[in-house]
Amino acid sequence: MKKIILSFSIMLLVFSSNAQQTATLLYHWQDTTLVGSWAYDNAYNECWGLVVNGREIAIIGSTAGTHFFDVTNPNTATEVAFVAGAYTGGGVIHRDYHDFNGYLYVVCDEGSSSTLQIIDISNLPNSVNTVYDSNALFTKAHNIFIDTATAKLYACASNTAMDIYSLDDPANPILLYSYTNVGHVHDAYVRNDTAYLNCGNDGFRIVDFHYLDLLPGTAWVELASLTSYPDAGYNHSGWLSDDGTIYAMQDENHGYDVKILDVSDLNNISVLTTFNSGVDSQSMAHNGIIKGDNLYISYYHDGLRVFDISDPYNPTQTWEYDTYAPNSHASYKGAWGVYPNLPSGNIIVSDMQTGLYIFQFGTPTSIIENKLNTKAFPNPATSQFTLLNTRANTLTLYNTLGVKVKEQKLNANQNTIYKGNLANGLYFYHLNNGNTLIESGKVIFE
């Protein structure tokens, strides 16, 4: 049965990879003076993104510490702040980041003094201020996740399998509970006290921790688990969709597929499909984030890979950019982290060997200042669709190969787009005022 599933996935990716487009590189930073790790020669690790005082900030970790960049206008992007790690040098492989309530939380997974760092980011892009730098709570953690709805920080593979801290006082975390029901929690996604746990060789768990607020330090309930599934390996990381119905999961093994799980019924979790980049038989996904209908994956040697998962049974690879030139897929090298949630729509990617990247999908432009939330209706469409709530004066329509197939002037009386002789399928539209791209989206003709 596994061979049938994998064969279907491979056929799907062979087809979809032909339709993918190459993202536009807007900015790249690399500091060749930084030392690489002794283990993998990676000078860089995780990335993150923020909006502070109206400015878009990209963050990347290195063997030296944490670097902050103002990328509001990628053409003039620059490093605006740096915080040295408590542990630095060739022994560093991992750093990880999340933010909450005006603070950036930083952990490292190596060294006896790596510590938790909490950085006040409220004055960016002018400066940052480290308000907590101590190993009193823990000396290291592999990953962290912050449930912003309930003000809790989850430290994975730290003192125990996973430790949970209250951030009611954001600059002074307090340990609430140590979760030890599995040997190891590698990464977590948490929403409203429901934790989706990627537990390495122990598989996948969904655990309800809201009881910690009712009976501090005592209670949790396991809602579901999945230890046997197609192409199961080292359960590394995952991300929940906006509507909470599907979960994208990466097993960190060379040649293993990404999984899309149906988690709408916790009594019946199932794998809807498995798929991969289609680049190499030893390709390996690292971290993924779902935003809307897209799954953004930092895919190690294959760079950035983006999949349209609007039909979770049939993911379609739509965008890519290979940040790592060598063809060998051995070891752990290439794209480590991805962050797609900047308001501009620009994508942050970190590459272990080559540093920080800012990408855009489509025609290069400066930052999109106004998100107009235009809607194409109906979508899917048959013979025509209408743009609702748009103030653009021009629409340009592209097919999945990036070829412009239609351009139309828009005004208050003309905002209906006709299919004409276009083939059925997925199209991408750009909405412009003059030469400025103000919004983009997609529409399906069927």
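In this predicted model, strand 1 (residues 21-22) pairs with strand 26 (residues 316-321) in the parallel sense, over two bridges. Within this pairing, Gln21 stands opposite Trp319 of strand 26. Strand 26 also pairs with strand 25, here in the antiparallel sense and over five bridges. Asp308 has Thr316 in strand 26 as its bridge partner.

Trp319 also takes part in an aromatic contact. The structure holds 25 aromatic pairs. In one of them, Trp319 and Phe361 are stacked, with a distance of 4.8 Å centre to centre and an angle of 10 degrees between the planes. Trp319 belongs to strand 26, whereas Phe361 sits in the loop between strand 29 (355-360) and strand 30, so the pair ties together parts that are 42 residues apart in sequence. Trp319 has a relative accessibility of 8% and therefore counts as buried, the limit being under 20%. Phe361, at 15% relative accessibility, counts as buried too. Elsewhere, one aromatic cluster is formed by Phe145, Tyr189, Tyr196, Phe204, Trp239 and Tyr247.

Rolling a probe the size of a water molecule over the atoms shows where empty space is left. The count comes to two cavities of 30 Å³ or more. About 230 Å³ of space lies in the largest cavity. The lining of the largest cavity comprises 22 residues, of which Glu46, His98, Asp187, Trp239 and Asn287 are the closest to its centre. At least two lining residues come from each of strand 3 (44-52), strand 7 (95-100), strand 11 (143-147), strand 15 (187-191), strand 19 (235-240), strand 23 (287-291) and strand 27 (335-339). By class, the lining of the largest cavity divides into eleven nonpolar, eight polar and three charged residues.

Several loops contain backbone features of note. A cis peptide bond, with omega of about 5 degrees, joins Leu124 and Pro125. Pro125 is placed in the loop between strand 9 (116-120) and strand 10 (129-134). Another cis peptide bond joins Asn379 and Pro380, with omega of about 10 degrees. Pro380 is found in the loop between strand 30 (375-377) and strand 31 (384-388).

Positive phi values occur at Ala157 and Tyr300, neither of them glycine. For Ala157, phi is near 50 degrees, and the residue lies in the loop between strand 12 (152-156) and strand 13 (162-166). Ala157 has 18% relative accessibility and so counts as buried. For Tyr300, phi is near 45 degrees, and the residue lies in the loop between strand 24 (294-298) and strand 25 (304-308). With a relative accessibility of 2%, Tyr300 likewise counts as buried.

Technical notes. Residues are numbered from 1 along each chain as its sequence is written. This is a predicted model: local features need pLDDT of at least 70, side-chain atom pairs count only at pLDDT 80 or more; totals for chains, interfaces and linings use all residues. Side-chain values use heavy atoms; hydrogens and water are left out. On a 1 Å grid over the protein atoms alone, a cavity is a set of points where a 1.4 Å probe fits but cannot get out, and a pocket is an open set with protein on both sides within 12 Å along at least five of seven lines; lining residues have an atom within 4 Å of a point. Grid points are joined across faces, edges and corners, and a volume is the space filled by probe spheres set on the points. Helices (H or I, at least four residues) and strands (E, at least two) are DSSP runs, numbered from the N terminus. Ala, Val, Leu, Ile, Met, Phe, Trp, Tyr, Cys and Pro count as nonpolar, Asp, Glu, Lys and Arg as charged, and the others, Gly among them, as polar. Buried means under 20% relative accessible area, exposed over 50%, partly exposed in between (1.4 Å probe, protein chains only). Two strands pair if DSSP finds at least two bridges between them. Rings of Phe, Tyr and Trp (its six-membered ring) pair if their centres lie within 6.5 Å; planes under 30 degrees apart count as stacked, over 60 as edge-to-face and the rest as tilted.
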